[in-house]
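I opened this entry to look up strands, pairing and core. My notes follow the display.

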Amino acid sequence: MNIKPLADRVLIEPAAAETKTVGGIIIPDTAKEKPLRGTIVAVGTGTKDEEMVLKAGDQVLYGKYAGTELEIEGNKYLIMRQSDVVAIVG
C-alpha cells in the first residue's frame, strides 16, 4: 500500500472492535461498537496555517463519526483531518 494523505489529513488503522463483554456474551457484528482508537499509518505535510503534530505510529483517539472509511487490500482504514483527532494515547 502506498497512500500519502494530503495537507492536514491522516490515515488511521482502527483498533479491533470488542467481540465479548465481561460476562462472556458474544456480540454479533451488527451490534459491535465502532472503535474510537487507532494507529496512525501515514500523515500529510500540514498546511501553512496548521503544522502537522501527529506522526506515523501514534496511538490516537478520534470522534465516533470522524473520517471517511476506506478498504485497501482487505484492510480497513480511516482518513480524516488532524483536527478530528482528539488525543494521542501515551
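I took contact to mean heavy atoms within 4.5 Å. On that basis, I looked at contacts in the protein chain with a separation of 6 or more: residues 24 or more positions apart account for 63% of them.

Ground rules next. I am reading a predicted model, in which local features need pLDDT of at least 70, side-chain atom pairs count only at pLDDT 80 or more, and totals for chains, interfaces and linings use all residues. Residues are numbered from 1 along each chain as its sequence is written, and side-chain values use heavy atoms, with hydrogens and water left out.

**Strands.** I used DSSP runs, numbered from the N terminus: helices are H or I of at least four residues, strands are E of at least two. The protein chain shows six strands and zero helices. Along the sequence I read β-β-β-β-β-β.

**Sheet.** I counted two strands as paired if DSSP finds at least two bridges between them. The six strands form an open sheet in the order β4-β5-β1-β2-β3-β6, and the pairing is antiparallel. β4 (68–72) and β6 (85–89) are the edge strands, each pairing on one side only. From one strand to the next, the twist averages 40 degrees. For that angle, axes are lines fitted to C-alpha atoms, and angles run from 0 to 180 degrees between N-to-C directions.

**Pairings.** I went to β1 (residues 9–14) and β2 (residues 37–43): five bridges join them, antiparallel. Valine 10 stands opposite valine 43 in β2. Leucine 11 has alanine 42 of β2 as its bridge partner. I then moved on to β3 (residues 59–62), which three bridges join to β2, again antiparallel. There, threonine 39 stands opposite glutamine 59 of β3.

I called a residue buried under 20% relative accessible area, exposed over 50%, and partly exposed in between (1.4 Å probe, protein chains only). Of the 90 residues in the protein chain, 26% are buried. A nonpolar core is a set of buried Ala, Val, Leu, Ile, Met, Phe, Trp, Tyr and Cys residues joined through side-chain atoms within 4.5 Å. The largest one has twelve residues, among them Val10, Ile12, Ile40, Val43, Val60 and Met80. β1, β2, β3 and β5 (75–81) each supply at least two residues of this core.

I checked valine 60 by itself. Leaving out residues up to four places away in sequence, valine 60 touches residues including Ile12, Ile40, Leu54, Val85 and Ile88.

**Surface.** The protein chain exposes about 6200 Å², and carbon and sulfur atoms supply 52% of that area. Areas come from the Shrake-Rupley method with a 1.4 Å probe.
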